[in-house]
Amino acid sequence: MALKDVKPTRSELIALKKRIALSERGYKILKMKRDGLIIEFFKILEQAKDSRGMLGERYKKAQEMMAVANTVEGAIGVKTAAFSVQEVPDISLSSKNIMGVVVPEIEASKVKKGLIDRGYGLLGTTSVIDETASAFEDLVEAIIESAEIESTMKKLLDEIESTKRRVNALEFKVIPELTEARDFIKMRLDEMERDELSRLKKIKAHSG
Amino acid sequence: MYKFTVVTDPDTAAGFRLAGVEVIEVDGPEGARKIIPDLLFRDDTGIIAVNEDYMQVLDDKLMSKIEKTYRPIIIPIPIQKRGVGGVSYVERLLRRAIGYNIVLRR
């Protein structure tokens, strides 16, 4: 609100005072929300660190198993077994609420499979294939877990960002402008009062 | 019910197939760059896992789109490979939102 748009009237002053009070209350609440979100975020960050570490380890292990399988069975053998796997892991997404932020909750079923459910012939392959498959199943599990954590983080970060922006807008833009307008009106009203007073005195001196 | 899709190199692809997930083989980051934008529009996919080094060649516009979409969730698989340094994608998000550069270490 630019200063020249402000009408120096008493009712405007009252309205402004109300708006300032409201903005300040909103500012306080938003600030608390921001801090709360950040605390929540750091909790998730801890989990994210763990899950990323686990993901890295499992990836390495899966990669190693893959190399072994390729050596033992040959690349073709591994691929043959791979293409005969029928069971597909199912993922369902639901949501939960962290401080007003809706975050996804991922649930996966049929990631871990038993030997028989995998689909390739047990007699035609060695146990290396089984181990490789289970290593990759572990990896997929880890990916799903960290996908949940990471998308939670993403959502929280988004919310933190927009809350931060609002807090800053209130603190540095809205509230200062409102106070400035209020001070301006106060000054003008005082000025007008003094004007009026001196006019009265003058009239009185003139008539008396 | 959503599908789990992996975008990876041909070497690792067979492994993910063993785990029963859908795999899209690409040869190198270039291939990934071509295929990922299409994947973003697929409605039946819940999670897309992409090799981390493939994520790094995506341009900023696509990255910001990935950061904004919530389904499918795109997640980089951390690959220990030499020469793949740089700021990881979570750290980039962090720096933007909090204003501090937080290094995830473990």
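In E2(B), which residue is the bridge partner of Thr5(B)?

Author: Across in E2(B), Thr5(B) has Glu22(B) as its bridge partner. Before going further, a word on what you are looking at: this is a predicted model, in which local features need pLDDT of at least 70 and side-chain atom pairs count only at pLDDT 80 or more, while totals for chains, interfaces and linings use all residues. Residues are numbered from 1 along each chain as its sequence is written, and chains are lettered from A and ligands numbered from 1 in the order in which they are written. Helices (H or I, at least four residues) and strands (E, at least two) are DSSP runs, numbered from the N terminus.

Let's stay with that strand. Altogether, strand E1 (residues 3-8) of chain B and E2(B) pair in the parallel sense over four bridges; two strands pair if DSSP finds at least two bridges between them. Thr5(B) also stands opposite Ile48(B) in E3(B), and five bridges join E1(B) to E3(B), again running parallel. E1(B) is mostly covered, with five of its six residues buried. Here a residue is buried if 20 or more other C-beta atoms lie within 10 Å of its own, exposed if 12 or fewer, and partly exposed in between, with C-beta atoms placed from the backbone.

Stepping back to the whole sheet, four strands of chain B form an open sheet in the order E2-E1-E3-E4, with parallel pairing. Strand E2 (22-25) and strand E4 (73-77) of chain B stand at the edges with a single partner strand each, so one side of each has no neighbour in the sheet. From one strand to the next, the twist averages 20 degrees. H1(B) packs on this sheet, touching E1 and E2 of chain B, and its direction makes about 170 degrees with that of E2(B). Contact means that the C-beta atoms of two residues, placed from the backbone, lie within 7 Å. Axes are lines fitted to C-alpha atoms, for helices over the stretch in contact, and angles run from 0 to 180 degrees between N-to-C directions.

Now the chain that holds the sheet. Chain B has five helices and four strands, running β-α-β-α-β-α-α-β-α from the N terminus. Of its 106 residues, 36% are buried. Among contacts in chain B with a separation of 6 or more, 61% come from residues 24 or more positions apart. One loop is worth a look too: Asp43(B) lies between helix H2 (28-40) and strand E3 (45-51) of chain B. With 7 C-beta neighbours inside 10 Å, Asp43(B) counts as exposed. Asp43(B) and Lys3(B) are 40 residues apart in sequence and 9.4 Å apart in space, C-alpha to C-alpha.

Next comes the partner chain. Here 42 residues of chain A are in contact with 32 residues of chain B. On the chain A side, helix H1 (10-83), strand E1 (90-98) and helix H2 (127-207) each supply at least two residues. By class, that side has 24 nonpolar, seven polar and eleven charged residues; Ala, Val, Leu, Ile, Met, Phe, Trp, Tyr, Cys and Pro count as nonpolar, Asp, Glu, Lys and Arg as charged, and the others, Gly among them, as polar.

The axes of H2(A) and H1(B) come within 7 Å and cross at roughly 90 degrees. That makes H2(A) roughly perpendicular to H1(B), since angles under 35 degrees count as roughly parallel, over 145 as roughly antiparallel, 65 to 115 as roughly perpendicular and the rest as oblique. Thr132(A), Ala133(A) and Phe136(A) of H2(A) meet Gly15(B), Phe16(B) and Leu18(B) of H1(B). H1(A) also packs against helix H1 (residues 10-18) of chain B, at an angle of about 75 degrees and with their axes 9 Å apart.

Finally, the interior. A nonpolar core is a set of buried Ala, Val, Leu, Ile, Met, Phe, Trp, Tyr and Cys residues joined through C-beta atoms within 7 Å. The largest has 47 residues, and those with the most contacts inside it are Phe136(A), Val140(A), Ile143(A), Ile47(B) and Val50(B). H2(A) gives the most to this core, with ten residues. Leaving out residues up to four places away in sequence, Val140(A) touches Pro89(A), Val111(A), Phe4(B), Ala19(B) and Val21(B).
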